[in-house]
Amino acid sequence: MTTELDEIGPGSLKLIVAMDDPAVESTLRAHVPEQHIRRAGNAAWVIFTAADPPTIRDWLTATLQDPAMVFVAEFEHWSGYGNIDQAWLLRRGH
């Protein structure tokens, strides 16, 4: 869970869609602090990092044995509903 003491730093939100493989989250954690990673579904993650989408894609395709599909999108505008940490998103998206 997040706290008010999160150190945000520079970066932007990215959405990663890839196969549901433990290697995906493991690779993201190797490059991005845990507090800047949120699971967004079975095969999707939202992360906050200064790394650009091609760099993140390369991290994942180099790690996955069969990277059948990796999609990384950077975004500035978003909307959410339901079981989503809106305070975490607000601190990183505005």
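## Starting at threonine 49

Setting aside residues up to four places away in sequence, threonine 49 touches Pro10, Gly11, Ser12, Lys14, Val32 and Ile56, where contact means heavy atoms within 4.5 Å. This is a predicted model, in which local features need pLDDT of at least 70 and side-chain atom pairs count only at pLDDT 80 or more, while totals for chains, interfaces and linings use all residues. Residues are numbered from 1 along each chain as its sequence is written, and side-chain values use heavy atoms, with hydrogens and water left out.

Threonine 49 sits in strand E3, which covers residues 44–49. Its relative accessibility is 11%, so threonine 49 counts as buried; buried means under 20% relative accessible area, exposed over 50%, and partly exposed in between, using a 1.4 Å probe and protein chains only. A polar atom of the threonine 49 side chain also lies 3.2 Å from the backbone nitrogen of alanine 51.

## The overall plan

Stepping back, the protein has three helices and four strands, in the order β-α-β-β-α-β-α along the sequence. Helices (H or I, at least four residues) and strands (E, at least two) are DSSP runs, numbered from the N terminus.

Of the 94 residues, 34% count as buried. The protein exposes about 5,800 Å², with carbon and sulfur atoms supplying 54% of that; these areas come from the Shrake-Rupley method with a 1.4 Å probe, and for residues only the protein chains shown count as cover. Take the contacts between residues at least 6 apart in sequence: 71% of them join residues at least 24 apart.

## Strand E1 and its partners

Five of the seven residues of E1 are buried, so this strand is largely enclosed by the rest of the structure. E1 pairs with E3 in the antiparallel sense over six bridges, and six bridges also join E1 to E4, again running antiparallel. Two strands pair if DSSP finds at least two bridges between them. For example, leucine 15 has valine 46 as its bridge partner in E3, while isoleucine 16 has valine 72 in E4.

Is lysine 14 buried or exposed? At 1% relative accessibility, it counts as buried. Leaving aside neighbours within four places, its contacts include Trp45, Thr49, Pro53, Ile56 and Glu74. The C-alpha atoms of lysine 14 and glutamate 74 are separated by 4.4 Å, although the two residues are 60 apart along the chain. The lysine 14 side chain makes a polar contact of 2.8 Å with the side chain of serine 12 and reaches the backbone oxygen of alanine 51 at 2.9 Å. A polar contact is a pair of N or O atoms within 3.5 Å; within protein, one must be able to donate a hydrogen and the other to accept it, and residues adjacent in sequence count only if both atoms are side-chain atoms.

Over in strand E4 is phenylalanine 71. At 45% relative accessibility, phenylalanine 71 counts as partly exposed. Beyond its neighbours within four places in sequence, phenylalanine 71 is in contact with Leu15, Ile16 and Val17.

In H1, the buried residues are Val24, Glu25, Thr27 and Leu28. Seen down the axis, they fall within an arc of 160 degrees, so they line one face of the helix; the arc is that of the directions from the helix axis to the C-beta atoms. Pro22 and Ala30, on the other side of H1, are exposed. The buried residues of H1 pack against E1, E2 (37–41), E3 and H2. At the start of H1, a side-chain oxygen of aspartate 21 comes within 2.7 Å of the backbone nitrogen of alanine 23.

Helix H2 (residues 53–63) has Pro53, Ile56, Trp59 and Leu60 as its buried residues. They cover an arc of only 125 degrees around the axis, which puts them on the same side of H2. Their cover includes E1, H1, E3 and E4.

## The nonpolar cores

A nonpolar core is a set of buried Ala, Val, Leu, Ile, Met, Phe, Trp, Tyr and Cys residues joined through side-chain atoms within 4.5 Å. The largest one has 15 residues, of which Ile16, Val24, Leu28, Trp45, Ile47, Ile56 and Leu60 touch the most other members. E1, H1, E3, H2 and E4 each supply at least two residues of this core, and H2 gives the most, with three. Another core lies apart from it and has five residues, among them Leu13, Phe48, Trp88 and Leu89.
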